[in-house]
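Hi,

Here is the structure I promised to pass on to you. Please have a look at it first, and then read my notes below.

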Amino acid sequence: MTITLITGANKGIGFETAKQLLALGHVVYIGARDVERGEKAAAALGARFVRLDVTDDASVSKALATIDSAEGRLDVLVNNAGILGDGVIDGPTALRAFDTNAVGIVRVTEAALPLLRTSSNPTVVTVSSSAGSFWAVTNPDRPEFTLPLALYSASKSAATMLTVQYAKSQPGIKFNAVEPGTTATDLTAAFGIGRAPEESARVVVRLATLDADGPTGTFQDENGEVPW
């Protein structure tokens, strides 16, 4: 039995990732800020719910303590919660974007490490973005070249770097970042682009179900490693 926690999983890619991992036999904990939405999503899927706000240390600690008490370990962590941070670029907006998209990864990962270390195949997947890839945003042939999302891109660059650094400092745990593909979610609604979330979730699920000898410290999309 594989115990999995997915942050920001009450909708979009997180929800579909939970659905697919449940179908593979995982016990899935859906982490969400909003209790009503989170409980509704968990009930719809047959998952378990923990209130988890990645920007709140106490919330994160309590969520992991709940999983520890119920399961005694964590096998898979999917850092999925994220925001666009679009609109006006100013200090408060930048702080929110980085607090959710980068600092939130640190909060959740640090709280989860003791539980992950008790797993026989601990795996962490961070949903990043090629919008945070220097290679992609400087390549005129890539859609990211014209994407007007400075704070999102910068915070996702940080998310990928955190993944690589955690892979180096925690050699017993697999850490990989993923570009799930342009997906039609609440995040991208203003752009009117993207494929169905279940398609992108498959990319996340592949990295969440790696064998013990799987890769670590990589940034991948559905076609393999992505330059960044």
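**Helix packing**

The axes of H3 and H4 approach to within 9 Å and cross at roughly 25 degrees. Helices (H or I, at least four residues) and strands (E, at least two) are DSSP runs, numbered from the N terminus; axes are lines fitted to C-alpha atoms, for helices over the stretch in contact, with angles running from 0 to 180 degrees between N-to-C directions. H3 is therefore roughly parallel to H4 (angles under 35 degrees count as roughly parallel, over 145 as roughly antiparallel, 65 to 115 as roughly perpendicular and the rest as oblique). The H3 and H4 crossing is right-handed, that is, the near helix is turned clockwise from the far one by less than a right angle, anticlockwise being left-handed. On the H3 side the contact (heavy atoms within 4.5 Å) involves Asp-57, Val-60, Leu-64, Ile-67 and Asp-68, and on the H4 side Arg-107, Val-108, Ala-111, Ala-112 and Leu-115.

Before going on, a word on the source: this is a predicted model, in which local features need pLDDT of at least 70 and side-chain atom pairs count only at pLDDT 80 or more, while totals for chains, interfaces and linings use all residues. Residues are numbered from 1 along each chain as its sequence is written, and side-chain values use heavy atoms, with hydrogens and water left out.

H4 also packs with H6: their axes come within 8 Å and cross at roughly 20 degrees. That angle makes H4 roughly parallel to H6, and this crossing is right-handed. Among the contact residues are Ala-94, Phe-98 and Ile-105 of H4, and Ala-158, Leu-162 and Tyr-166 of H6.

**Cores**

The largest nonpolar core has 24 residues, and Leu-5, Leu-52, Leu-64, Ile-67 and Leu-74 have the most contacts inside it. Such a core is a set of buried Ala, Val, Leu, Ile, Met, Phe, Trp, Tyr and Cys residues joined through side-chain atoms within 4.5 Å; buried means under 20% relative accessible area, exposed over 50%, and partly exposed in between (1.4 Å probe, protein chains only). Two or more residues each come from strand S1 (3–7), strand S2 (27–32), helix H3 (57–71), helix H4 (91–116) and helix H6 (150–169). H4 gives the most, with 5 residues. Apart from this core lies another, of 23 residues, including Val-28, Leu-45, Val-78 and Val-125.

**Individual residues**

Leaving aside residues up to four places away in sequence, Ile-67 touches Ile-3, Leu-5, Tyr-29, Val-50, Gly-72, Arg-73, Leu-74 and Leu-115.

Ala-32 sits in strand S2 and, at 1% relative accessibility, counts as buried. Ala-32 lies 22 residues from Asn-10 in sequence and 6.1 Å from Asn-10 in space, C-alpha to C-alpha.

In helix H6 you will find Met-161, which counts as partly exposed at 37% relative accessibility. Pro-171, in the loop between H6 and strand S6 (174–178), counts as exposed at 71%.

Finally, there is 1 aromatic pair. The ring centres of Tyr-166 and Phe-175 are 5.2 Å apart and their planes are at 15 degrees, so the pair is stacked. (Rings of Phe, Tyr and Trp, the last by its six-membered ring, pair if their centres lie within 6.5 Å; planes under 30 degrees apart count as stacked, over 60 as edge-to-face and the rest as tilted.) Both Tyr-166 and Phe-175 are buried.

Best wishes
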